[in-house]
Amino acid sequence: MTTERTDRPPEPSAPTRRRFLAGAGAAATAGTAAGSLAVWQAGPAVAAPAERAAAKRVAVLGGGVSGLSAAHELAERGYAVTVYEYYDVLGGKARSMDVPGTGEGGRRPLPGEHGFRFFPGFYRNLPDTMRRIPFPGNADGVRGNLRSGTEALFARAGGRPDLHFPLRRATTPPAPGDITPSWIRDQILSVLDLGTRLPAHEAAYFANRLLVHLTSCDARREDEWEKTSWWEFIRAGQMSEEYRAVLGIGQTRNLVATRAEVASTRTVGRVIIEALLLWGLLGRGMDGDADIDRVLNAPTSEAWIDPWAGHLRSLGVEFVTNTQVREVLYADGRVTGVRVLDRDEGTERTITADHYVCALPVEHARTTWGPALRAADPQLARCDALEADWMVGVMFYLRTPTPVVHGHINCLDSPWSVTGIGQAQFWDVRDFPADYGDGRTRDCLSAIISEWDKPGILYGKTARECTKEEVVAECWAQLKDALNDSGRTTLTDDDRLGWFMDPAVTGLGGPDPQNREQLLIHPTGTLYNRPTARTAVPNFFLAGDYVRTDVDLASMEGANESARRAVNALLDADRSDAERCEIWELYRPPEMEPLKRTDELRYRLGLPNTFDLG
């Protein structure tokens, strides 16, 4: 491997479009040691041609998590599914990408990605799908490739003490009925007292604000708190810098790429604070025995996406890759076809099916909906108000194992809101130098830049203004600023062998930088513009992390849940007697329900929440 590989796009590591369609041979595995990960190959459809011809045909537009989830549910119910994907590979933002030219001596190329994958314990829909993807040696399928992070590091710059938390469920969780507002407040205060330098009155105020949200009825959340930013709700502008860094920016920009100043309180409070942190630590509403923080035990495509695609082929799903959706055609009350571009040949054609599931990211999907289709369902036009932002990963390949912490790192003082994780420590079925690169690389520090519009510490420029090389240098400097201090040197320049950034980011340093793979963000009012999976057009359905779901967060869980809702809507439209997809919603603690009912009455009377001190 030559050092510091930069912006060359990765060569496709998966079969080309034609090989996808002509793949032969059963899905097979290869491994030299017990428990090693399988290498999945394209296999033929199990369904006989006559059976497929007789089945209702569904065109799934997009081969990311939502598209593959929809194809999975539909194929299990006997539909003939064809997935159309823009890239040569499946998986969307979740896929792995080879770093071109880095594999030597029979090793695989170094693994790159859009950004590290994170599977919180409160995810339940996605793990259910993962259980149904067979994987050699795993009784619970691909879900068995998840590994738990046991710690979280909130790293501080300038020599300030880090916040280092164990991520373990309560060893003696409260019995049903024991959770009271005062008990919750005490738990919050104890955590803030141990890990921060917050003034006592600020910690008490924040604990009170969480009680307000926990006991707010659904109507208040969907009206008052959806219109209120997290920054305003927790009164961050009037508090200390420590308060703003830890409880404002650190819980929003670093985790969901949304600025605390504009992020919806409903989304931040319900998903990040309640589901992820509070109920996660108590082990409630979790995916079985799952821990709070989970990652995969190998690059994403090896551990999940490739086995998934192989399983879907075995169910009869067909994939047409390197295909761009241009326009969804509408006439006489129905979608009549989809105009697509073959990116290999540069030719356009129209595909037809009985039903259509649009599983493209919203920034791409809405460009394919013409005036007639938008007029048929006004919620499609409202999607123009949905906002996406940049959240892009940079992989650093290191000479020595550098786990830092057994879990995720949040660089609290980083102006670019950098987060990261040392990946090799979790890849217990892989020997990094033996399996990847040229034998010198022993770890991958996978970092994500969430803030692209604030000046950095090296060049004084925003990330969008920097060249790709400057972005990498700045990200590395901010990691070192957070992880190296007077008593510890974690990262050194000599240890860094190379790096990789998603080639979807182009034009950095120029007048018009672009990012094809953006992330939906959640400013106030977003809920009102998110569409449902069911549209007013009887054969057209929506799936994607922008679709309205219970999880209410742009995530792989939201993408999977939306696909389930789209499939259920399609089954209803078909008047099918097939079993509907099960949908798990976020945990609702029964102890809070009486307080929420009281708050519902107060809300109707125009009164504030009982705990709301203003």
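**Briefing: burial, strand pairing, cores and salt bridges**

Of the chain's 614 residues, 59% count as buried. The model is predicted. The chain holds 19 helices and 23 strands. Where residues at least 6 apart in sequence are in contact, 71% of those contacts join residues at least 24 apart.

- Strand β17 covers residues 418–422; five of its five residues are buried, so the strand is largely enclosed by the rest of the structure.
- In a regular strand, side chains alternate between the two faces of the sheet.
- In β17, Val 418, Gly 420 and Gly 422 point one way while Thr 419 and Ile 421 point the other way, and all are buried.
- Strand β16 (residues 407–411) runs antiparallel to β17 and is joined to it by three bridges. In this pairing, His 408 stands opposite Ile 421.
- Six residues separate β16 and β17 in a hairpin, and Ser 417 in the turn has a positive phi of about 50°.
- β17 is also joined to β18 by five bridges, again in an antiparallel arrangement.

**Nonpolar cores**

- In soluble globular proteins, nonpolar side chains tend to be buried together.
- The largest nonpolar core has 137 residues, and those with the most contacts inside it are Trp 304, Val 357, Trp 369, Phe 540 and Tyr 546.
- Helix α10 (residues 265–282) gives this core its largest share, nine residues.
- Beyond its neighbours within four places in sequence, Trp 304 is in contact with residues including Val 65, Phe 119, Met 130, Leu 296 and Met 556.
- A second, separate core has 30 residues, among them Ala 447, Cys 466, Cys 475 and Leu 508.

**Surface and loop positions**

- Ile 457, Leu 458 and Tyr 459 make up a nonpolar surface patch with about 280 Å² of accessible area together.
- Leu 458 sits in the loop between β18 (443–449) and α16 (468–483). Its relative accessibility is 46%, so Leu 458 counts as partly exposed.
- Pro 136 is found in the loop between α4 (125–131) and β5 (146–149). Pro 136 counts as partly exposed because its relative accessibility is 37%.
- Although 171 residues separate Pro 136 and Pro 307 in sequence, their C-alpha atoms are 9.8 Å apart in space.

**Salt bridges**

- The count of salt bridges comes to 46.
- Arg 209 and Asp 612 form a salt bridge whose closest N and O atoms are 2.8 Å apart. This pair links distant parts of the chain, 403 residues apart: Arg 209 lies in helix α6 (residues 200–214) and Asp 612 in the segment after α19 (593–604). Both Arg 209 and Asp 612 are buried.
- Arg 440 and Asp 438 meet through their side chains in a salt bridge of 3.0 Å, N to O. Arg 440 is partly exposed at 32% relative accessible area, whereas Asp 438 is buried at 17%.
- Arg 604 pairs with Glu 600 in a salt bridge, with 3.1 Å between the closest N and O atoms. The two residues are four apart in helix α19, so about one helical turn separates Arg 604 and Glu 600. Arg 604 is exposed, at 66% relative accessible area, and Glu 600 is partly exposed, at 32%.
- A network of salt bridges links Glu 73, Glu 76, Arg 77, Asp 128, Arg 132 and Arg 564.

Conventions:
Residues numbered from 1 in each chain as written. Predicted model: local features only at pLDDT ≥ 70, side-chain atom pairs only at ≥ 80, totals over all residues. Heavy atoms only, no water. Buried < 20%, exposed > 50% of the residue type's maximum accessible area, 1.4 Å probe, protein only. Contact = heavy atoms within 4.5 Å. Patch = residues over 30% accessible without salt bridge, like charges linked within 9 Å, V, L, I, M, F, W, Y side chains within 5 Å. Areas by Shrake-Rupley, 256 points an atom, 1.4 Å probe, with all protein chains shown as cover. Salt bridge = Lys/Arg side-chain N within 4 Å of Asp/Glu carboxyl O. Pairing = 2+ DSSP bridges. Core = buried A, V, L, I, M, F, W, Y, C linked by side-chain atoms within 4.5 Å.
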